[in-house]
Amino acid sequence: MKSSPHTQSSHRPGQMTAVMRAVATSGPKVLRVGVVQQGRVIEERVLRERGDVTIGPSERNTFVLPGREIRGSHKLFEQVGNEYVLHFVEGMSGRVALSTGVSDLEQLKGQSKRGSGGDYQVHLTDDSRGKINVGETTFLFQFVAAPPVQPRPQLPVAVTRGAGGIDWQTTIIAAFAFLIHFMAIGAMYSDWLDPVIDEQLSLAGLVETLDQLPTPPPLEEKPVEDTKSDEKPTEKAPVKQQPASGASSKPSEAGGGGKMSEAQSAALSNELAQMSMATLAALGSSGPATEGVLKGGDVPTGALDAAAASGSGVGVGGDLKLGGSGGTIKPGTGGGLGSIGSTGSGSTGSGSGTSTTVKGPTGSANVSPPNATVGSVSNAASVVAAMRAGFKRCYDKGLEVNPDISGGVRLTIRVGPGGEVSGVSGTASGNIPNTVVNCVKARAQAAQFNPPTGGSAVLEVPVNFVRQ
């Protein structure tokens, strides 16, 4: 025997969960609705005030339902008297727990009253609960006891009462206590309570106190011991000075005690003056030794050997005399300091000899045409060509120090807007020393070009040095 549809739709009401039982308290119940999307509860409301619950895409509805399932506003729960009526239409699914049991919406269509708009109406009681699926959104509902009304926040009574609520008795007592304590502390740190002091009486007592002080004992003066008489004079060994010449030794022996007479002092001063004049004359004369000293070069050793072999030197007479025969040097005469290192041929009192002049190596500077990497200068070639003589002098100075140097310098000249040289850098090749590089850079720094096109220019100038 088959059961009727009505018998299949009647089920035992589902059991209430622990949360529902905790909420189910005495008193009028209100509707609690939760919105679930994609398995997550996105909204939950407890409707304290009974009224209609609408859903739809408009914000005027109780719950905003995205999507096209509901085009307008649909009244999901309608209040009729003290009860709610569930309205569902075609396309909605779900289950509802009623007093008769748990039933699906498809089963309730045959038992429900159909409204004028084609919707199905189901009366709900305070024990009803369930879920309604509208597209991808699920509405969960149940009836719960209304939560207690939260009291409105109120300001403290002392604030609301204003000045009329101040406890003036306590306020006055606190003010007087503060005033008394303030006066007591001020009196402690003031001079009002200090005793009056008579200055004249104090000064008199001070003078009397000084008079009563005992007289200090006299200071004992210790006699100064005469230690000079007890000490024995120390004898100093006489310092013997070696006489520079025979003339200087004789006056010291005749004068006794190393003292010189006025005549000897005058003679010595005269000889020193003559030596100074002779030295100036010798330095002023044109000789290879003098030229070598003044120019910072080296004096040939052959010249010094010839001077040592000749008769020139310090004489052995009594006076300070220099010369070939021991006489006094006179300005302008031969045999002086100016003839030392003479490389010419000739004869002297002590012999004759010949010498050959040996010149050091010289070099040449080859300057390649400048290469303008930035901008252009009209007279760059002529100005660089004029630097060749200066570059050669720099190389010759380097050969005087080291005759084995060779190589080149690559100059980078930066020309300013007015044709002036704003900067020079150089890269050496071979064994060219830094002194030659700095000399070449200084010569290039002093150059002046025509104003370059474009406001500035950079010139590359190769300089090659060849030893001859």
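**Questions on a predicted model**

Leaving aside neighbours within four places in sequence, V85 is in contact with L76, F77, E78, V80, Q121, V122 and H123. The model is predicted.

Student: In which strand is V85?
Tutor: Look at residues 83-88. They form a strand, and V85 has its place there. That is strand 6.

Student: Is V85 buried or exposed?
Tutor: Buried means under 20% relative accessible area. V85 has a relative accessible area of 3%. So V85 is buried.

Student: How far apart in space are V85 and Q121, C-alpha to C-alpha?
Tutor: In sequence, V85 and Q121 are 36 residues apart. Q121 is still among the contacts of V85. From C-alpha to C-alpha, the distance is 6.2 Å.

Student: How do helix 12 and helix 13 run, roughly parallel or roughly antiparallel?
Tutor: Helix 12 covers residues 388-401, and helix 13 covers residues 434-445. Their axes come within 9 Å and cross at roughly 160°. Angles over 145 degrees count as roughly antiparallel. Therefore helix 12 and helix 13 are roughly antiparallel.

Student: How many nonpolar residues has the contact of helix 12 with helix 13?
Tutor: G390, F391, C394, Y395 and G398 in helix 12 meet V436, C439, V440, R443 and A444 in helix 13. By class, two of these residues are polar and one is charged. The nonpolar residues number seven.

Student: What share of the residues in the protein chain is buried?
Tutor: The protein chain has 468 residues. Its secondary structure comes to 13 helices and 21 strands. The buried share of the residues is 26%.

How values were computed:
Residues numbered from 1 in each chain as written. Predicted model: local features only at pLDDT ≥ 70, side-chain atom pairs only at ≥ 80, totals over all residues. Heavy atoms only, no water. Helix = DSSP H or I, 4+ residues; strand = E, 2+ residues; numbered from the N terminus. Buried < 20%, exposed > 50% of the residue type's maximum accessible area, 1.4 Å probe, protein only. Axes fitted to C-alpha atoms, helices over the stretch in contact; angles between N-to-C directions. Parallel < 35°, antiparallel > 145°, perpendicular 65-115°, else oblique. Contact = heavy atoms within 4.5 Å. Nonpolar A, V, L, I, M, F, W, Y, C, P; charged D, E, K, R; others polar.
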